[in-house]
Amino acid sequence: MKHYDLIIIGTGSGNSIPGPEFDDQSIAIVEKGTFGGTCLNVGCIPTKMFVYAADVATEIREAAKYNLSASLTGVDWPAIVDRVFAQRIDPIAAGGEAYRRGEETPNIDVYAEHARFVDKRTLQVGEETISGERIVIATGARPSVLPVIAESGVDYYTNENILRLPALPKTMIIQGGGFIAVEFAHIFASLGVQVTITNRSPILLRKADETISQRFTEIAAEQWNLKLGRTVTAATQDARGVTLTLDNGEQLTGEILLVATGRTPNGDQMDLARGGIEMDGERIKVDEYGRTTAAGVWALGDVSSPYQLKHVANAEMRAVRHNLLHGDDLRPMPHEHVPAAVFTHPQIASVGMTEAEAKQAGLDVTIKIQNYGDTAYGWAMEDTTGFAKLIADRKTGRLLGAHYLGPQASSLIQQLITVMAFDLDVREVARNQYWIHPALPEVTENALLGLDFD
């Protein structure tokens, strides 16, 4: 049995741990799937490359509102897939694995097998058993599939394989109403697919601020066929495609079924109990520093974090890396002011509390909703749906939450992430700096000025 100073399970954010500081340590990296993890291969990066193409297609279709005559004459789906994967993603993943297996990192061994605990800090990896002084679990998550679909025998896709379809279907059913569902709805609908979304919640993005979720659901209803507040009771398949039966008896048929009902952390696949590692619900249980209940074993990313976001996994990785190197100076997991964006149409971004959360906390809040269309650049964009919603503490001027729906939302919110991270008084932020006129950040400026502190 080979013994290592450090074993890292998973090559998403976990693969970034070994740097020059670890050159004197023997390291094993275990990856049963494609090197690079979810974000690189099937998540953030490739999906946003498809989203950008969808955004361009949407701009072409909506050109008439700018008095331009334009039409989308075709979509070369195989070429898009080739550009994203064959030309970009796949070479990067292969290069990352080759680097870890190469002469540049002679202290690292790579195992391309599934890892299961057989004892404390001891793993079965394929036919081999290895042990480590310390282990970092960074195995991510996998698509969640409800039993009604999984046990039906129908063909279905998830975010992990839908983007490698050989050809675009004419019709698609998407089951789910969260960020994965609405991002893929935007991609495929914008490229010409007739999309139907079915979801058990009566609104889309139900975890978002209520104003955001309500407005977005209204906008989505104009773009896609929505069947909300419904559960799927049966699924069958024939030559036409997949047919879902809803709880009201209605049937939906599409050539393709995409299941986008969330993601399940992978800790339950690792026989954690044999290693003395406890679970907290679906996630691996960790303390504020990323330590599991087993001495010498750490966890980070989607397998243990309350935030299934790549930027959080990267931040947690940096904390764990520091803690591995500086045991007498531990850093907590960085979970303050975590932002998120949804790259659908229109784009959505948020940070901090929702209105409901702030009021439930008993805070005296002031709230401003600022429409894009009430600013000069909003006029130029002919935008009629976008807005920023800010929530602040009336007594202190502290920003509690920021929520955007509209073009460039993921970029516009960054300034307010800074405001929250550095605990700035929004009354000063509004007036003690220039705001370029007539740029889109005037939406933020006017929202700040519209907060009532009297």
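**View 1. The crossing of helices α2 and α5 is left-handed**. A crossing is called left-handed if the near helix is turned anticlockwise from the far one by less than a right angle, and right-handed if clockwise. The model shown is predicted; local features need pLDDT of at least 70, side-chain atom pairs count only at pLDDT 80 or more, and totals for chains, interfaces and linings use all residues. Residues are numbered from 1 along each chain as its sequence is written, and side-chain values use heavy atoms, with hydrogens and water left out. Helices (H or I, at least four residues) and strands (E, at least two) are DSSP runs, numbered from the N terminus.

**View 2. Helix α2 (residues 44-61) packs with helix α5 (residues 179-190)**. The angle is about 50° and the axes are 8 Å apart. Axes are lines fitted to C-alpha atoms, for helices over the stretch in contact, and angles run from 0 to 180 degrees between N-to-C directions. The two helices, α2 and α5, are therefore oblique to each other; under 35 degrees counts as roughly parallel, over 145 as roughly antiparallel, 65 to 115 as roughly perpendicular and the rest as oblique.

**View 3. Residues of α2 meet residues of α5**. From α2 come T47, K48, F50, V51, A54, D55, A57, T58 and R61, and from α5 come E183, F184, H186, I187, A189 and S190. By class, this contact of α2 with α5 has seven nonpolar, four polar and four charged residues. Contact means heavy atoms within 4.5 Å.

**View 4. A "binding site" is listed by UniProt in an unreviewed entry**. The record gives G176, G177, G178, F179, I180, A181, V182, E183 and G262. These positions are spread over 87 residues of sequence but cluster in space, with a largest C-alpha distance of 12.8 Å. Such annotations may be inferred rather than shown by experiment.

**View 5. I180 and A181 are placed in helix α5**. I180 counts as buried at 14% relative accessibility, and A181 counts as buried at 1%. Buried means under 20% relative accessible area, exposed over 50%, and partly exposed in between (1.4 Å probe, protein chains only). Not counting residues up to four places away in sequence, I180 touches N159, A260 and R263. With neighbours within four places left aside, A181 is in contact with I174, G176 and A260.

**View 6. Helix α13 (residues 442-449) is mostly covered**. Six of its eight residues are buried, namely E442, V443, T444, E445, A447 and L448. The elements covering the buried residues of α13 include strands β21 (365-371), β22 (387-393) and β23 (399-405) and helices α10 (409-412), α11 (414-421) and α12 (426-431).

Conventions. Nonpolar A, V, L, I, M, F, W, Y, C, P; charged D, E, K, R; others polar.
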